[in-house]
Amino acid sequence: MTESYHAINWNAVDDQIDKATWEKLTEQFWLDTRIPLSNDLDDWRGLDDTHKWVVGHVFGGLTLLDTLQSQDGMASLRKDTQTQHEMAVLNNIQFMESVHAKSYSSIFTTLNTPDEIDEIFNWSDTEEFLQNKALRIRDLYHDDNHPLKKKIANVFLETFLFYSGFFTPLYYLGHNKLANVAEIIKLILRDESVHGTYIGYKFQIGYNQLGENEQQDLKDWMFNFLYELYENEEKYTHLVYDQVGWTDEVLTFIRYNANKALMNLGQDPLFPDTADDVNPIVMNGISTTTANHDFFSQVGNGYLLGNVEAMQDGDYDI
Ligand SMILES: [Fe+2]
Ligand SMILES: [Fe+2]
């Protein structure tokens with residue numbers, strides 16, 4: 001026999017980070033359908049039309065980016081895996097990206113009318129600056145000649161480009177509004193944080209194998225690319241947030257996250273902004289500690305799926 005197909009063996013793991021990431025991601029598995037979004041309707045009705053517009057359209061933008069991750073992002077990274085366990089982790093990530101993309105639709109169906117939902121999707125499918133970033137990243141995903149650039153694009157999307165949208169629900173969470181919508185976003189954020197760290201780690205393995213000149217070239221490309229994305233992100237942020245006066249705060253927040261993306265890739269920060277510069281209300285919301293929710297009324301960040309115990313005969317004595 002000259003050819004053979006290899007069964008994945010989880011008892012012989014080449015890279016322990018693959019196993020640890022698999023365990024982390026499966027422990028934090030969640031579904032949008034478990035979050036009682038309709039509890040946010042009172043808060044929603046209290047917002048004026050301008051603020052409602054912002055909420056709806058940042059979620060339209062986020063839907064587009066999570067669609068890109070679920071349809072193109074992971075499929076593109078799968079072509080460059082070094083281990084079978086890495087492939088399994090990417091399978092998990094790909095499915096969760098579909099959960100993320102779907103969960104915005106759960107929010108829309110709770111808060112918006114069918115006409116408003118149509119308008120939001122028309123907007124996200126045509127808005128210039130949103131389309132710019134999606135298409136730029138998509139083109140890199142489809143260029144198989146540069147596996148490390150694909151990973152850079154992925155980490156920039158995961159750890160940087162989502163955050164202009166995440167700002168809004170975190171801001172409302174900090175003001176005790178839209179808590180269940182924010183819970184979904186926090187669950188997404190908790191996933192993206194693992195995704196960005198993991199893909200960044202895999203990037204660094206490849207990067208460290210390059211010669212000094214190749215490293216320098218890639219670094220130059222990476223910083224230019226980040227700056228190019230930032231310039232587009234500035235325009236997107238003005239377009240969405242000027243009407244509510246949050247633009248400067250959002251820009252600080254995205255520069256802070258751009259630095260985190262570089263950190264995931266093993267690079268020095270580009271911008272002077274640190275956590276101390278970000279609106280503390282938003283920083284509070286971003287901390288991914290377990291939300292203190294009553295399990296029967298809300299499923300919080302401390303999603304209980306990992307805590308199930310085995311059934312016993314007595315469980316049937318009702
Ligand atoms: Fe996602
Ligand atoms: Fe992700």
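Is Leu178 buried or exposed? Leu178 is buried, with 26 other C-beta atoms within 10 Å. (Buried means 20 or more other C-beta atoms within 10 Å of a residue's own, exposed means 12 or fewer, and partly exposed lies in between; C-beta atoms are placed from the backbone.)

This is a predicted model: local features need pLDDT of at least 70, side-chain atom pairs count only at pLDDT 80 or more, and totals for chains, interfaces and linings use all residues. Residues are numbered from 1 along each chain as its sequence is written, and chains are lettered from A and ligands numbered from 1 in the order in which they are written.

**View 1. The loop between α8 and α9.** Helices are DSSP runs of H or I, at least four residues, numbered from the N terminus. Asn176 sits in the loop between α8 (163-174) and α9 (179-208). Leu178 is found in that loop too. Most residues other than glycine have a negative phi. Asn176 has a positive phi of about 55 degrees. Leu178 has a positive phi near 50 degrees. Asn176 is exposed, with 9 other C-beta atoms within 10 Å.

**View 2. Helix α3.** This helix covers residues 49-78, 30 residues in all. Its first and last C-alpha lie 43 Å apart, close to the 44 Å expected at 1.5 Å a residue (1.5 Å times one less than the number of residues). α3 bends by about 40 degrees at Gln69 (the angle between axes fitted to the seven residues ending there and the seven starting there).

**View 3. Contacts of Leu170.** Beyond its neighbours within four places in sequence, Leu170 is in contact with Ala182, Ile185, Val282, Gly285 and Ile286 (contact: C-beta atoms, placed from the backbone, within 7 Å).

How values were computed. Helices (H or I, at least four residues) and strands (E, at least two) are DSSP runs, numbered from the N terminus. Two residues are in contact if their C-beta atoms, placed from the backbone, lie within 7 Å.
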